[in-house]
Amino acid sequence: MQTKLADFIKDTPQGKEADAILRSCVHCGFCLATCPTYQLLGDELDSPRGRIYLMKQMLEGQPVTEKTQLHLDRCLTCRACETTCPSGVRYAQLVDISRDIIDKQIKRKPKFGILRFTLRKTLPNASVFKSLLKLGQLARPMLPSKLKDSVPQKPEHVGEWPAIQHARKMLVLDGCVQPTLAPNINTASARVLDKLGISLIKSKKAGCCGAVTFHLNEQQDGLGYMRRNIDAWWPLIEQKEVEAIVMTASGCGVTVKEYGHYLRFDPNYAEKARKIAVLTKDISEILHAELEKIKQLIDQQITKPKKSKLSFHSPCTLQHGQQIRGLAEGILKVAGYELTLVPGAHLCCGSAGTYSILQPELSQQLLKNKVNALETDKPEQIATANIGCLVHLRDGTALLVRHWIEVLDERLSS
Ligand code: SF4
Ligand code: SF4
């Protein structure tokens, strides 16, 4: 694609990146077929190609309008278009650059500005989020039914975190909302890894990966969260005390794996961020490397549980963002589960960070379609790999929805 970027951006590092990305798009339109918002709305401007065209116009100096902002707001940043694109267009990086420019020029209506501000101040702060959720749970009986459904019940029983006893050690990110909404995910991960001879450790100083704030367009604040995590992890990495940083939420995983990109212009953090990104692994990658040991553990079990059907929802941040496909599913099969076929498995469930709150109508349509797809083959339960998808799916189905590591932990403990 030919480009002629405007003076305000063309010589900046972001302008050069945006120019290279725009030029790599050949306008073939293959990406339209896999874009969830194009499927729902049928408008070219709600497709990747249409949005790329809108961003190009803006970067070439044409006026930024509320319409540009609306079509980019409706994008889930699910990155299905990146998976489909034969030209390797780095859509997500282009959209990050563009949203920053748009939001500096177009003020949102006060109610949306306040909502985004509230989300930025509560979600990434684990202790604030925990306190608010406790208040919500206390008030739950008095809430109208629609609001009641959005306040989760008290979390299920959380088992023991095993003692740190192995020479092999890995760090795990606790994140922001996961410790409150589903604390068993990381303890289940610690128990499974312990059985494989790996001790999982947490750093109390690390917290939100920075994605929520960055994608709500407070990009500098988002980078601050990333630097804080790097500072928390660096001493253990420098002393080679841990061999990997494990992600149990694929939404955090995709972000931490891209720390090197986010902090590329920061001379104090760029190199550390790059090293941390290399050490970061999704829990499915870690366990896939230990598959033989998992098979042995399953074979050694005295009671053989009956085969049961399970539907796996692969989050966009796992299959498109990290390009990881089939690993968790393969491990669950080894553990004796029969995985159902899920039509349209490449499509987003509508959770997408804060999208379910900011774009509720589109999000609910995607949720309905996803739940129908997951329930097609009558599974007994649903498993996924990201806290956002997990909570969102629970909203749309009566089936049990868990992180797949909890399913494996249960099987290995039976
Ligand atoms: S598939 Fe890739 S190259 Fe083709 S229009 Fe979409 S983004 Fe552009
Ligand atoms: S990121 Fe997802 S919603 Fe956005 S344009 Fe690409 S496929 Fe469509």
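This is a predicted model: local features need pLDDT of at least 70, side-chain atom pairs count only at pLDDT 80 or more; totals for chains, interfaces and linings use all residues.

Biologist: Fine. Which domains does the assignment give?
Modeller: The assignment gives domain 1 (7-105), domain 2 (110-150), domain 3 (168-286) and domain 4 (302-413).

Biologist: What distance separates the centres of domain 1 and domain 2?
Modeller: Their centres are 31 Å apart, taken over C-alpha atoms.

Biologist: Now cavities. How many of 30 Å³ or more does the structure hold?
Modeller: Three cavities reach 30 Å³ or more. The largest cavity holds about 110 Å³ of space. Its lining has 16 residues, and Cys-25, Cys-31, Ile-52, Cys-85 and Val-89 are the closest to its centre.

Biologist: Which elements supply at least two residues of that lining?
Modeller: α4 and α6 each supply at least two residues of the lining of the largest cavity.

Biologist: And by class, what is in the lining of the largest cavity?
Modeller: The lining of the largest cavity has 12 nonpolar, three polar and one charged residues.

Biologist: Which ligand takes up the space of the largest cavity?
Modeller: Ligand 1 does. There are 13 residues around ligand 1, and the nearest are Cys-25, Cys-28, Gly-29, Cys-31 and Cys-85.

Biologist: How do the residues of the shell around ligand 1 divide?
Modeller: The shell around ligand 1 has nine nonpolar, three polar and one charged.

Biologist: On to ligand 2. Where does ligand 2 sit?
Modeller: Ligand 2 sits in the second largest cavity. About 90 Å³ of space lies in that cavity. It is lined by 14 residues, with Cys-35, Arg-51, Cys-75, Cys-78 and Cys-81 the closest to its centre.

Biologist: Which elements give two or more residues to that lining?
Modeller: α3, α4 and α6 do for the second largest cavity. The classes in that lining are nine nonpolar, three polar and two charged.

Biologist: How many residues surround ligand 2 itself, and which are the closest?
Modeller: Ligand 2 is surrounded by 13 residues, the closest being Cys-35, Arg-51, Cys-75, Cys-78 and Cys-81.

Biologist: Which helices supply at least two residues of the shell around ligand 2?
Modeller: α3 (36-41), α4 (48-59) and α6 (80-84) each supply at least two. By class, the shell around ligand 2 has nine nonpolar, two polar and two charged residues.

Biologist: Let's switch to pockets. How much space lies in the second largest pocket?
Modeller: The second largest pocket has about 480 Å³ of space. It has 24 lining residues, and nearest its centre are Gln-14, Asp-100, Gln-219, Gln-220 and Arg-264.

Biologist: Which two domains does that pocket lie between, and why?
Modeller: Domain 1 (7-105) and domain 3 (168-286) both give residues to the lining, so the second largest pocket lies between them.

Biologist: Which helices each supply at least two residues there?
Modeller: For the second largest pocket, they are α1 (7-10), α2 (13-24), α7 (91-105), α14 (219-238) and α16 (259-262).

Biologist: Which one gives the largest share?
Modeller: α7 gives the largest share of the lining of the second largest pocket, six residues.

Biologist: Last one. How do the residues of that pocket's lining divide?
Modeller: The lining of the second largest pocket has nine nonpolar, seven polar and eight charged residues.

Conventions:
Residues are numbered from 1 along each chain as its sequence is written. Chains are lettered from A and ligands numbered from 1 in the order in which they are written. Side-chain values use heavy atoms; hydrogens and water are left out. A residue is near a molecule or strand if one of its heavy atoms lies within 4 Å of it. On a 1 Å grid over the protein atoms alone, a cavity is a set of points where a 1.4 Å probe fits but cannot get out, and a pocket is an open set with protein on both sides within 12 Å along at least five of seven lines; lining residues have an atom within 4 Å of a point. A molecule sits in a cavity or pocket if more than half of its atoms lie within 2 Å of its grid points. Helices (H or I, at least four residues) and strands (E, at least two) are DSSP runs, numbered from the N terminus. Ala, Val, Leu, Ile, Met, Phe, Trp, Tyr, Cys and Pro count as nonpolar, Asp, Glu, Lys and Arg as charged, and the others, Gly among them, as polar. Domain bounds come from an automatic or database domain assignment. Grid points are joined across faces, edges and corners, and a volume is the space filled by probe spheres set on the points.
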